[in-house]
Amino acid sequence: MKKKSVRKPTVLLVANGDLRQSANEKCWPAQAEMEAKLSACLADLGWRVKRAHPFKPQLGHGFIGSQKEGMEVFATIDADMPLIVAESVWQYSHHVLHGLVSHRGPILTVANWSGTWPGLVGMLNLNGSLTKAGVRYSTLWSENFDDAFFLDGLKTWLATGTLKHRTRHVTALARCSVPARARKLASSIAADLRRAKSIMGVFDEGCMGMYNAVIPDELLFPCGVYKERLSQSALYYEATQVTDAEARAVYDWYRAKGLQFVFGSDPETSLTEEQVLWQCRTYVAACRIAEEFGCETIGIQYQQGLKDLLPASDLVEGTLNNDDRPPVADAAGKPIRPGRAIPHFNEVDECSGLDALFTNRIHRALGEPVETTLHDLRWGDFDRSGTTDDYVWVFLISGSAPPAHHVGGWAGTRSLRQPPMYFRLGGGTLCGVAKPGEIVWSRVFVENGRLKMDLGRAKVVALPEAETERRWKETTPEWPIMHAVTYGVSRDQMMARHKANHIQVAYAKNAAAADLALYAKAALAAELGIEVFLCGTRADGKPF
């Protein structure tokens with residue numbers, strides 16, 4: 001008698017990708033390798049993987065490349081089946097968010113652990129978007145998909161449809177003792193925001209599919225913050241009105257400060273002076289629009305929209321976030337906020353914009369450095385040089401950080417052409433190595449219909465040049481890098497808790513000053529109705 005075959009249980013798999021064909025095509029081999037490893041793991045556990053959408057030979061990849069395509073895919077699948085979203089690349093969350101919102105079966109987001117192929121960055125963005133949307137999901141990550149942490153977690157999810165990670169490093173601010181000085185300062189700034197209010201300039205929302213980066217207006221209102229919705233077309237037009245002499249003056253200021261432009265002859269692959277001069281025009285235009293509309297903070301969309309009209313906005317963004325920046329005058333000849341940063345939030349990440357506003361107010365009042373930026377939580381690895389036994393994160397923003405964050409300041413900063421895969425018209429970055437020191441890290445996010453905020457402490461460490469170069473080569477060498485060690489937060493704890501691809505950072509003069517700045521910013525957020533959590537420990541290892 002023939003033995004009856006037992007049909008294996010099936011899990012669906014989707015792979016979300018970029019909006020840009022060039023990125024999807026280049027990244028596909030890494031995704032295919034990841035999916036093969038993941039499928040082998042599932043087969044060993046007795047499960048069959050069914051890909052919910054095919055490889056596309058005519059395009060050279062098997063990613064979902066648009067929201068339209070994503071809707072077509074999800075319209076054909078069984079909404080009750082278990083579903084894995086497998087990511088080894090940056091992805092635009094809105095391509096699949098609609099399908100995940102309506103999916104009834106268990107959802108697991110899975111990322112590789114690689115600096116070169118930033119699946120964990122894409123997954124963190126998707127996780128933050130799912131959190132904001134109120135979608136139940138589980139999440140896992142792995143370097144080779146053979147470690148006990150990953151395999152045990154996968155088994156649990158397959159058996160139960162859910163997986164929870166321990167986050168004992170997280171403490172509600174209400175359970176912490178906040179210094180009186182921090183509370184007093186927070187109360188004063190909160191009262192001013194409620195009375196005088198603040199304008200957040202937004203150059204077109206929703207950049208790069210980051211649903212998690214858009215704060216609903218009604219959640220901002222209690223903070224005293226209101227959006228001025230601006231068009232990228234206005235920024236482009238204003239840039240065309242900047243004179244050659246004004247652009248040249250900004251360029252000459254950069255050169256006098258020692259900024260190193262790495263020029264080449266071919267504009268298709270190299271940075272050219274003409275690209276930089278257009279960036280100088282955009283910088284002047286951004287300052288003037290911010291002043292005209294009274295924007296305390298502004299966010300430029302960075303990639304989509306302007307990328308076919310102007311060189312990349314990186315040089316503009318990092319410069320705006322620096323107190324020491326080229327002078328700009330308004331139409332009447334009046335200097336625009338001389339010697340003061342105009343906080344800019346990259347990729348129109350409004351959560352980072354609100355955070356930058358708080359940081360600027362708190363740090364200026366405390367006499368601490370006000371320069372702030374968001375970095376991608378790009379990757380991490382143990383130091384291979386033997387300099388430190390700590391786990392060292394690679395915080396790496398996709399283009400620019402304020403030069404005040406870099407070793408050597410402006411003179412220690414280089415401007416290199418953005419990769420052509422992302423920016424056809426080029427444009428220079430602000431690339432440097434973050435200086436050693438004490439920092440506060442933070443993230444504003446939306447969950448259960450309200451604003452929340454995580455804050456923690458970390459230090460930036462100096463690594464030998466060879467180790468820095470290794471990490472740059474594993475990621476993107478044109479972009480600024482920060483070697484960060486988080487206090488009291490492990491790699492897996494950070495991944496389990498963090499609700500975004502971005503992490504906000506700001507320096508303080510020393511450990512005690514950073515602790516005070518953290519408490520003050522946390523208290524300010526709480527005063528304005530945000531639910532606040534402190535993560536990890538202080539530099540001395542003591543709890544908050």
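Three strands form an open sheet in the order β8-β7-β10, and their pairing is parallel. The edges of this sheet are β8, residues 225–230, and β10, residues 295–299, each of which pairs on one side only. From one strand to the next, the twist averages 25°. The model described here is a predicted one.

Strand β7 covers residues 198–203, and six bridges join β7 to β8, the two strands running parallel.

The next feature is a pair of helices. Helix α9 spans residues 244–257 and helix α10 spans residues 273–292; they pack with their axes 8 Å apart, at an angle of about 105°. Angles of 65 to 115 degrees count as roughly perpendicular, and α9 and α10 are therefore roughly perpendicular to each other. On the α9 side, the contact is made by Asp244, Glu246, Ala247, Arg248, Val250, Tyr251 and Tyr254. These residues meet Glu273, Val276, Leu277, Cys280, Arg281, Tyr283, Val284 and Arg288 in α10. By residue type, the contact of α9 with α10 divides into nine nonpolar and six charged residues, with no polar ones.

The remaining features concern empty space inside the protein. Rolling a probe the size of a water molecule over the atoms shows where such space is left. In this structure there are three cavities of 30 Å³ or more.

The largest cavity holds about 50 Å³ of space. Its lining consists of Glu317, Gly318, Asn321, His344, Asn346, Thr373, Leu374, Ser400, Ala401 and Pro402. Two elements, α11 (314–320) and β11 (372–382), each supply at least two residues of this lining. Sorted by type, the lining of the largest cavity has six polar residues, three nonpolar and one charged.

What is the volume of the second largest cavity? The volume of the second largest cavity is about 40 Å³. Tyr302, Leu306, Lys307, Leu310, Pro311, Ala312, Ser313 and Phe423 line the second largest cavity. Here the division is six nonpolar residues, one polar and one charged. Set side by side, the lining of the largest cavity includes six polar residues, whereas the lining of the second largest cavity includes six nonpolar ones.

Note on methods
Residues are numbered from 1 along each chain as its sequence is written. This is a predicted model: local features need pLDDT of at least 70, side-chain atom pairs count only at pLDDT 80 or more; totals for chains, interfaces and linings use all residues. Side-chain values use heavy atoms; hydrogens and water are left out. Two strands pair if DSSP finds at least two bridges between them. Helices (H or I, at least four residues) and strands (E, at least two) are DSSP runs, numbered from the N terminus. Axes are lines fitted to C-alpha atoms, for helices over the stretch in contact, and angles run from 0 to 180 degrees between N-to-C directions. Angles under 35 degrees count as roughly parallel, over 145 as roughly antiparallel, 65 to 115 as roughly perpendicular and the rest as oblique. Contact means heavy atoms within 4.5 Å. Ala, Val, Leu, Ile, Met, Phe, Trp, Tyr, Cys and Pro count as nonpolar, Asp, Glu, Lys and Arg as charged, and the others, Gly among them, as polar. On a 1 Å grid over the protein atoms alone, a cavity is a set of points where a 1.4 Å probe fits but cannot get out, and a pocket is an open set with protein on both sides within 12 Å along at least five of seven lines; lining residues have an atom within 4 Å of a point. Grid points are joined across faces, edges and corners, and a volume is the space filled by probe spheres set on the points.
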